[in-house]
Amino acid sequence: HIKDGDLVKAFDPWNSVWRDYSGPYPGRSFQGPGLFENFTGGSNTENIWWSGEDPNIPPFAAAAAFLTSNATRRALHIGSLKMGMVDQYHIMIMSGDCMNSSRPFIEHILQQDKYKVLLYSGAWDGVLGAAVSEPLYASLDWPGKATFNAEARAPYKVAKDDVQVAGFARDVTVGGSRLVRVVVRRAGHILPADQPRVARDMIERFALGGSYQEGRHQDKSEL
């Protein structure tokens, strides 16, 4: 279907494996569990460590309460503007965006020779984790492709005295482009919920130009 340009029809075979979306859409060919659950017995495709819901992720009701609070409304300058629910996933399916590749957009950014790009995954993310994304990143067409693919991943710790390795990182700068690839251990699709300390450190290092090959001198265990 993808080769034929029918990105809407392409969604159903993919969804029949992961059952990432349970709502109606054109061409739905299955009911009940997807292939992943039938094979593994677990229904959580975003964190394979958990068979059911990830207890680290707050309920959506908590997010809705935060977004509609008076403090958030003031911060966003929206006053009494009415908020409602939108099935964004269904829109992505019907527009074809869900099955469209982001590869040309990543390549375009890297080819500008002036931007930094951080690509990260939770090691326990089944649906969009390291196993399915590494082939894409290895094939990206940009001036640093050969250098990036030759670079060995290095253990990454938040603090130098941490016993546990936070993850593994590759960090390559070619010309004005920097590509950082991080896989975080003990984390799923919603990485900041599973490993908030690591997520904050990872983003701070990227934004501030720090290295991932050495732990910070100061302990950030309070994060």
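1. The second largest pocket holds about 280 Å³ of space, in a model that is predicted rather than experimental. Its lining is made up of Phe60, Ala64, Leu67, Thr68, Met83, Gly84, Met85 and Val86, and these divide into six nonpolar residues, two polar and no charged. A pocket here is an open set of points on a 1 Å grid over the protein atoms alone, where a 1.4 Å probe fits and protein lies on both sides within 12 Å along at least five of seven lines, and lining residues have an atom within 4 Å of a point. Ala, Val, Leu, Ile, Met, Phe, Trp, Tyr, Cys and Pro count as nonpolar, Asp, Glu, Lys and Arg as charged, and the others, Gly among them, as polar.

2. On conventions, residues are numbered from 1 along each chain as its sequence is written, and side-chain values use heavy atoms, with hydrogens and water left out. Local features need pLDDT of at least 70 and side-chain atom pairs count only at pLDDT 80 or more, whereas totals for chains, interfaces and linings use all residues.

3. The largest pocket contains about 1,700 Å³ of space, a volume being the space filled by probe spheres set on the grid points, which are joined across faces, edges and corners. Its lining comprises 44 residues, with Asp20, Glu46, Val127, Leu128 and His189 lying nearest the centre. Two or more lining residues come from each of α1 (7-18), α2, α3, α5 (88-95), α6 (103-110) and α7, and α7 gives the most, with four residues. By type, the lining divides into 24 nonpolar, twelve polar and eight charged residues. Helices (H or I, at least four residues) and strands (E, at least two) are DSSP runs, numbered from the N terminus.

4. Rings of Phe, Tyr and Trp (its six-membered ring) pair if their centres lie within 6.5 Å, and planes under 30 degrees apart count as stacked, over 60 as edge-to-face and the rest as tilted. By this rule the count comes to eight aromatic pairs. One of them, between tyrosine 21 and tyrosine 25, is tilted, at 6.4 Å centre to centre and with 45° between the planes. Tyrosine 21 is buried at 8% relative accessibility, and tyrosine 25 is buried with a relative accessible area of 8%, where buried means under 20%, exposed over 50% and partly exposed in between (1.4 Å probe, protein chains only). Ring pairs also link Phe11, Trp14, Tyr21, Tyr25 and Tyr89 into a cluster.

5. Why does the pair of tryptophan 49 and tryptophan 124 count as stacked? The ring centres of tryptophan 49 and tryptophan 124 are 4.7 Å apart and their planes lie at 10°, so the pair is stacked. Tryptophan 49 lies in the loop between α2 (35-40) and α3 (60-67), and tryptophan 124 in the loop between β1 (116-122) and α7 (130-139), so the pair ties together parts that are 75 residues apart in sequence. Tryptophan 49 is exposed at 55% relative accessibility, whereas tryptophan 124, at 22%, is partly exposed.

6. The charged end of arginine 28 sits over the ring of phenylalanine 30, 4.7 Å from its centre, and arginine 153 lies over the face of phenylalanine 168, at 4.1 Å from the ring centre.

How values were computed: A charge sits over a ring if NZ of Lys or CZ of Arg is within 6 Å of the ring centre and within 35 degrees of the ring normal.
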